[in-house]
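Subject: Structure for you to look at

Hello,

Here is the structure I said I would pass on. Please open it beside this message and follow along.

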Amino acid sequence: LSRGLLCFGRGKPLGERGLFWIKVHLANQFGFDKASFEDRVAWVEERMDKVLDNAAEPIDQANPTDPKWWATADCPWQALATIFDLAE
């Protein structure tokens, strides 16, 4: 079972600090895990257009065999779950 498929039964608001750590986690999923936490957050913020695009359309309907950005992550299902969380 992929950890990216697991969700809490009762969600709670992330708050500003939680949002920071979600962004750090997403950067980690793409192998950007050796930088400072602030650099990881900046890395994600620079790619928010990709985050929102992938959340809105995780599979490109026009070209379904072409992998989206999330599919290139080290753990793609965890990355996609994180992308959905960030897009909320």
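Predicted model: local features only at pLDDT ≥ 70, side-chain atom pairs only at ≥ 80, totals over all residues.

Helix 1 and helix 4

Helix 1 covers residues 15-29 and helix 4 covers residues 76-87. The two pack at an angle of about 150°, and their axes are 10 Å apart. Angles over 145 degrees count as roughly antiparallel, and helix 1 and helix 4 are therefore roughly antiparallel to each other. Their crossing is left-handed. On the helix 1 side, the contact is made by Leu-19, Ile-22, Lys-23, His-25, Leu-26 and Gln-29. On the helix 4 side, the residues they meet are Gln-78, Ala-79, Thr-82, Ile-83 and Leu-86. Sorted by class, this contact has 6 nonpolar, 4 polar and 1 charged residues.

Is Thr-82 buried or exposed? Its relative accessibility is 5%. Buried means under 20%, so Thr-82 counts as buried. Leaving aside residues up to four places away in sequence, Thr-82 touches Ile-22, His-25 and Leu-26.

Helix 1 and helix 2

Helix 2 is made of residues 37-45. Helix 1 packs against helix 2 at an angle of about 80°, with the axes 8 Å apart. That angle makes helix 1 roughly perpendicular to helix 2. From helix 1, the residues in this contact are Phe-20, Trp-21, Lys-23, Val-24, Leu-26, Ala-27 and Asn-28. They meet Phe-37, Glu-38, Arg-40, Val-41, Trp-43, Val-44 and Glu-45 in helix 2. By class, there are 9 nonpolar, 1 polar and 4 charged residues in the contact.

Which residues of helix 2 are buried? They are Arg-40, Val-41, Trp-43 and Val-44. Seen down the helix axis, these buried residues fall within an arc of 155°, so they line one face of helix 2. The buried residues of helix 2 pack against helix 1, helix 3 and helix 4.

With a relative accessibility of 22%, Arg-47 counts as partly exposed. Arg-47 and Ala-71 are 24 residues apart along the chain, and their C-alpha atoms are separated by 15 Å.

Helix 3 runs over residues 48-56, and its buried residues are Val-51, Asn-54 and Ala-55. They cover an arc of only 100° around the axis, which puts them on the same side of helix 3. What covers these buried residues includes helix 1 and helix 4. The face turned away from the buried side carries the exposed residues Asp-49 and Ala-56.

Helix 3 also contains Asp-53. Asp-53 has a relative accessible area of 38% and is partly exposed. How far apart are the C-alpha atoms of Asp-53 and Trp-69? They are separated by 9.3 Å, while the two residues are 16 residues apart along the chain.

Regards

Definitions and conventions
Residues numbered from 1 in each chain as written. Heavy atoms only, no water. Axes fitted to C-alpha atoms, helices over the stretch in contact; angles between N-to-C directions. Helix = DSSP H or I, 4+ residues; strand = E, 2+ residues; numbered from the N terminus. Parallel < 35°, antiparallel > 145°, perpendicular 65-115°, else oblique. Left-handed = near helix turned anticlockwise from the far one by under 90°. Contact = heavy atoms within 4.5 Å. Nonpolar A, V, L, I, M, F, W, Y, C, P; charged D, E, K, R; others polar. Buried < 20%, exposed > 50% of the residue type's maximum accessible area, 1.4 Å probe, protein only. Arc of directions from axis to C-beta.
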